[in-house]
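Here is a short tour of one structure, written for someone who likes to think in terms of geometry and contacts. Have the viewer ready and follow along.

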Amino acid sequence: GFKCGIVGLPNVGKSTLFNALTESAAAQAANYPFCTIEPNVGDVPVPDPRLAKLSEIAGSAQTIPTRLTFVDIAGLVRGASKGEGLGNQFLAHIREVDAIAYVLRCFEDSDVVHVDGKVDPLADAETIETELMLADLESLERRVPALEKKIRGQDKEAKETLALLERALVVLREGRPARYAAVDHEDRKAFHSLGLLTSKPVLYVCNVDEASAGSGNALSDAVLARATKEDVGCVVISAKIESELVELDAEERQSYLADLGLNEPGLNRLIQEGYKLLDLVTYFTVGPKEARAWTIERGTRAPQAAGVIHTDFEKGFIRAETIAYNDYVGLGGEAGARDAGKLRLEGKEYVVKDGDVLHFRFAN
Ligand code: GDP
């Protein structure tokens, strides 16, 4: 599955947030096995209002969301790139995730010590990014001599790799993350396989005080401004409130949210933003038994999309009966869509679109 890492300096509320995420997932797991692989890994359902709508129309007995994995990556301190603190282990964990959420402290509390002595989320974001950039610089520079040697031996692939690597080096040496490197669309995959920490998409998570959960505060406003300028995602959330919300039953939660002037838990937005960061596509399978959301990478063709459900579906793929989400909802479900000629028969080359409602036909 796809993974979003949670990083941040000590005492910013990472664990509080992560625990709220996993407890909320566990509480919703009544009809789906909740699994944690390790104490710092949580597999959480992705809230998607479209799924509830489809389930309602089809009268599905069960509704099964797709999932996103969050990894609580502890150990970021100044000097992590040089092996300080949990150093190397920390960097290894970040390498394994697809996107990174930076938790930034935007709450004042004299009882909670700030490692740098001052609450300054922008400085914290820079500290995190600097450590990751230093680690990238070092790993790239280490790889150059071996690649140059291969190029002297006429290795064409090494030449292409070095060219990409140099694109990253240029921006890193300017003190900017590798995600700003100029890379053509067709080279994106190869670029990502360089395994750079700062080429992964980033989300700023502003952990604000309880009173600011709805509208944010001056600190989170500053982060938001920077996020907008940098074109990265940003979520304002109060970890403390989230940790209280997960303890409540549905009714109490609703009234607490209303008191706070919120429509839904901040965790929902966090999960949705994390999912959005990965540029994934969600498709649905809908029937009387269950309505279910599935995740694929953008650009995935129908047989491979079917393979996410079961390898047999991919091997024996014949066609995908396809209804766009808006048609399904607008025409009152499968029968209505069929009658209106909106049920398409798509073959092996079809690239699945976000929101497609699919029914796979396959031979054993
Ligand atoms: P971590 O080191 O980043 O994992 O931080 P923790 O989640 O362990 O939180 C550090 C301390 O900050 C704990 O005492 C939390 O109770 C406190 N804390 C976390 N979030 C908030 C918050 O939103 N407001 C306040 N006042 N304290 C918080």
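## The annotated domain

In an unreviewed UniProt entry, the annotation "domain: TGS" covers residues 279–362. Please keep in mind that this is a predicted model. Within the model, residues 279–362 are 27% helix and 37% strand, and the end C-alpha atoms of the span lie 28 Å apart.

## Around the ligand

Which residues are closest to the ligand? They are G13, K14, S15, T16 and K240, out of 16 residues that surround the ligand. Two elements give two or more residues each to this shell: helix 1 (14–27) and helix 8 (239–245). Helix 1 supplies the largest share, with three residues.

By residue class, the shell around the ligand divides into seven polar, five nonpolar and four charged residues.

## A pair of packed helices

Now turn to helix 4 (residues 121–152) and helix 5 (residues 156–173), which pack with their axes 10 Å apart and at an angle of about 150°. Angles over 145 degrees count as roughly antiparallel, and helix 4 and helix 5 are therefore roughly antiparallel to each other. Their crossing is left-handed.

To see the contact itself, select M133, D136, L137, L140, R143, L147, K150 and I151 in helix 4; these meet A158, K159, T161, L162, L165, A168, L169 and L172 in helix 5. The residues of this contact comprise 11 nonpolar, one polar and four charged.

Note on methods:
Residues numbered from 1 in each chain as written. Predicted model: local features only at pLDDT ≥ 70, side-chain atom pairs only at ≥ 80, totals over all residues. Axes fitted to C-alpha atoms, helices over the stretch in contact; angles between N-to-C directions. Helix = DSSP H or I, 4+ residues; strand = E, 2+ residues; numbered from the N terminus. Parallel < 35°, antiparallel > 145°, perpendicular 65-115°, else oblique. Left-handed = near helix turned anticlockwise from the far one by under 90°. Contact = placed C-beta atoms within 7 Å. Nonpolar A, V, L, I, M, F, W, Y, C, P; charged D, E, K, R; others polar. UniProt positions renumbered as here; feature names shortened; annotations may be inferred. Near = placed C-beta within 6 Å.
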